Amino acid sequence: MKFADLHLHTYFSDGTFSPEEVVGYGQKAGLAALALTDHDSVEGCTRAAAACAAAGIEFITGVELTAEHDDIEVHLLGYFMDAQNEKLIVEIAKFQAVRQNRIREMVAHLNELNVPLEAESVFVLANCKSPGRPHVARALVKAGLCKTSDEAFERFLKKNRPAWVPKAKMSALQGVGLIHQAGGLAVMAHPGLNRTDEIIPALVDAGLDGIECFHTKHSTKTAERYLEIADKFNLLVTGGSDCHGFSKGKPLIGGVKLPYEHVEKLKSRVENRGSRAGIPDSTLRNPH
Ligand code: AMP
Ligand code: FE
Ligand code: FE
Ligand code: ZN
């Protein structure tokens, strides 16, 4: 049997592995295919593609966007986009700026609580354009202000805790459109973790292509429930570990194994859209 892991983070967002390390661990896990899905970044994809080519692993360009619909947060995975797509890069850059400003706001809240963290130390530690709360947590640990990242989230960073700052998000419908115009497929990430069931029909109407049924934090029952939903709405099925690095001493990559037949189905959906990839709608409507 061939397997894939289609949800992986690197140090280009809040993961701790380089693209090459991800691919190395993917090879050890025996993966036939993998996708990088960094938060608001496609920067790691060129290096991961090269490392995959050398390792004989199929690489899929990916991204994870934080979006919302009807005030419900939803993470959108994009696959097979053109990583050079101009609109994609411009929009992603806006959300990277949002992330950087949010770090400053979270640090200001910490300072008000007499926790003497400096924003600069978070940026130095993050060393990427897409910093997030895990970097603040790690900086707190590094500065000796918390014992563990978990403690940092519990005390300060979790939703509605004193240093939590809501994040400006893109509209989910726009997110689906953004991924499509870059030639990609749009997939709802870990629906079992967000309360996103009620917005599935609206996203399907907007062209959602798939749903992440298999995820580290989905029980077998949850996975089965979303397989049924995928069937009902004619959505493609994806899955991945959501590896951010080591978890309990082991790389999480390959902890969720998506049967390769689902990758075949994703590819035929992209191929059937084929020549439309990256071509503006106006060109399609007016071919002469
Ligand atoms: P952000 O995008 O800055 O809001 O951070 C979200 C990221 O933080 C997620 O992708 C996870 O990697 C991580 N995260 C979220 N909640 C927790 C938590 N309670 N404990 C540890 N990490 C978390
Ligand atoms: Fe993350
Ligand atoms: Fe997510
Ligand atoms: Zn993720």
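What is the order of the strands in the open sheet of six strands? The order is β6-β4-β5-β7-β8-β9, and the pairing is mixed. Two strands are said to pair if DSSP finds at least two bridges between them. Strands here are DSSP runs of E with at least two residues, and helices are runs of H or I with at least four, both numbered from the N terminus.

Before going on, a word on the source. This is a predicted model, in which local features need pLDDT of at least 70 and side-chain atom pairs count only at pLDDT 80 or more, while totals for chains, interfaces and linings use all residues. Residues are numbered from 1 along each chain as its sequence is written, chains are lettered from A and ligands numbered from 1 in the order in which they are written, and side-chain values use heavy atoms, with hydrogens and water left out.

β4 and β5 run antiparallel and are joined by eight bridges.

The loop between β4 (62–69) and β5 (72–79) holds D70. D70 is not a glycine, yet has a positive phi of about 50 degrees. Most residues other than glycine have a negative phi. D70 is exposed, at 62% relative accessibility; exposed means over 50%, buried under 20%, and partly exposed in between, with a 1.4 Å probe and protein chains only. F80, also not a glycine, has a positive phi of about 70 degrees. F80 sits in the loop between β5 and α3 (86–112).

Now the metals. Which residues are the protein donors of the iron ion (ligand 2)? They are D14 (OD), H39 (NE2) and H244 (NE2), at 2.1 to 2.2 Å. Donors are N, O and S atoms within 2.8 Å of the metal (3.2 Å for Na, K and Ca), and sites may look incomplete because water is not among the atoms. Along the chain, the spacing of these donors is D-x24-H-x204-H. D14 is buried, at 7% relative accessible area, and H39 is buried at 10%.

The zinc ion (ligand 4) is coordinated by H7 (NE2), H9 (NE2), E64 (OE) and D242 (OD), at 2.1 to 2.3 Å. In sequence, these donor residues follow H-x1-H-x54-E-x177-D. H7 is buried, with 0% relative accessible area, and H9 is buried with 0%. The zinc ion (ligand 4) lies 4.6 Å from the iron ion (ligand 2). The iron ion (ligand 2) is 5.9 Å from the iron ion (ligand 3).

Last, ligand 1. Among the residues surrounding ligand 1 are D14, H39, H244, R102, R133 and K167, each with a heavy atom within 4 Å. Oxygen atoms of ligand 1 lie 2.9 Å from a side-chain N or O atom of R102 and 2.8 Å from one of K167. For R133, a backbone N or O atom is 2.8 Å from an oxygen atom of ligand 1. On its own, ligand 1 has 500 Å² of accessible area, of which the protein covers 70%; the areas come from the Shrake-Rupley method with a 1.4 Å probe, and for residues only the protein chains shown count as cover.

Definitions and conventions. A polar contact is a pair of N or O atoms within 3.5 Å; within protein, one must be able to donate a hydrogen and the other to accept it, and residues adjacent in sequence count only if both atoms are side-chain atoms.
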